[in-house]
Amino acid sequence: MNENEKHMQTASEDDAPDMSAPYWADKLAKAKVQRGRPKAEVTKVSTTIRLDPDVIAAFKAKGPGWQSRINDALRKAAGL
């Protein structure tokens, strides 16, 4: 028997706090629900663009972040 199995055998429902107790009920009621990552101040626009396969392959060959690198290259070309 490994350590995790031993712990599971010794843990009981009494080890968990009573979530219906006034203290926890108040805490849960006041808790802010957050899903996903925070929204950025400036969001990107989803679009479709057709690029040559060799251009995509060259950016992908340099690893993760290829879309951001394409965005940076386009910003530079646009003079931004």
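**Reading the surface and the pockets**

Modeller: With a relative accessibility of 38%, Asp-26 counts as partly exposed, because that class lies between buried (under 20% relative accessible area) and exposed (over 50%), taken with a 1.4 Å probe on protein chains only. This is a predicted model, where local features need pLDDT of at least 70 and side-chain atom pairs pLDDT 80 or more, while totals for chains, interfaces and linings use all residues. Residues are numbered from 1 along each chain as its sequence is written, and side-chain values use heavy atoms, without hydrogens and water.

Colleague: Is Lys-30 buried or exposed?

Modeller: Lys-30 is exposed, since its relative accessibility is 65%. Tyr-23 has 49% and therefore counts as partly exposed.

Colleague: Which side chains meet in a salt bridge?

Modeller: Side chains of opposite charge can pair when their charged atoms come close. Here Lys-30 and Asp-26 form such a bridge, at 3.3 Å from N to O; the cut-off is a Lys or Arg side-chain nitrogen within 4 Å of an Asp or Glu carboxyl oxygen. The structure holds 1 salt bridge.

Colleague: Where do Lys-30 and Asp-26 lie?

Modeller: Both are in helix H2, residues 22-30, and they sit 4 residues apart, about one turn of the helix. Tyr-23 is found in helix H2 too. The protein has 4 helices and 0 strands (DSSP runs of at least four residues, H or I, and at least two, E, numbered from the N terminus). Along the sequence the pattern reads α-α-α-α.

Colleague: What is the volume of the largest pocket?

Modeller: Rolling a probe the size of a water molecule over the atoms shows where empty space is left. The largest pocket has about 490 Å³ (an open set of 1 Å grid points that fit a 1.4 Å probe, with protein on both sides within 12 Å along at least five of seven lines; lining residues have an atom within 4 Å of a point). Its lining has 14 residues, and Thr-47, Ile-49, Gln-67, Ile-70 and Asn-71 lie nearest the centre. Helix H4, residues 66-78, gives the most to this lining, with 7 residues.

Colleague: Which residues line the second largest pocket?

Modeller: Arg-37, Pro-38, Lys-39, Ala-40, Thr-43 and Lys-44 do. The volume of this second largest pocket is about 180 Å³.

Methods: Points joined across faces, edges and corners; volume = space filled by probe spheres on them.
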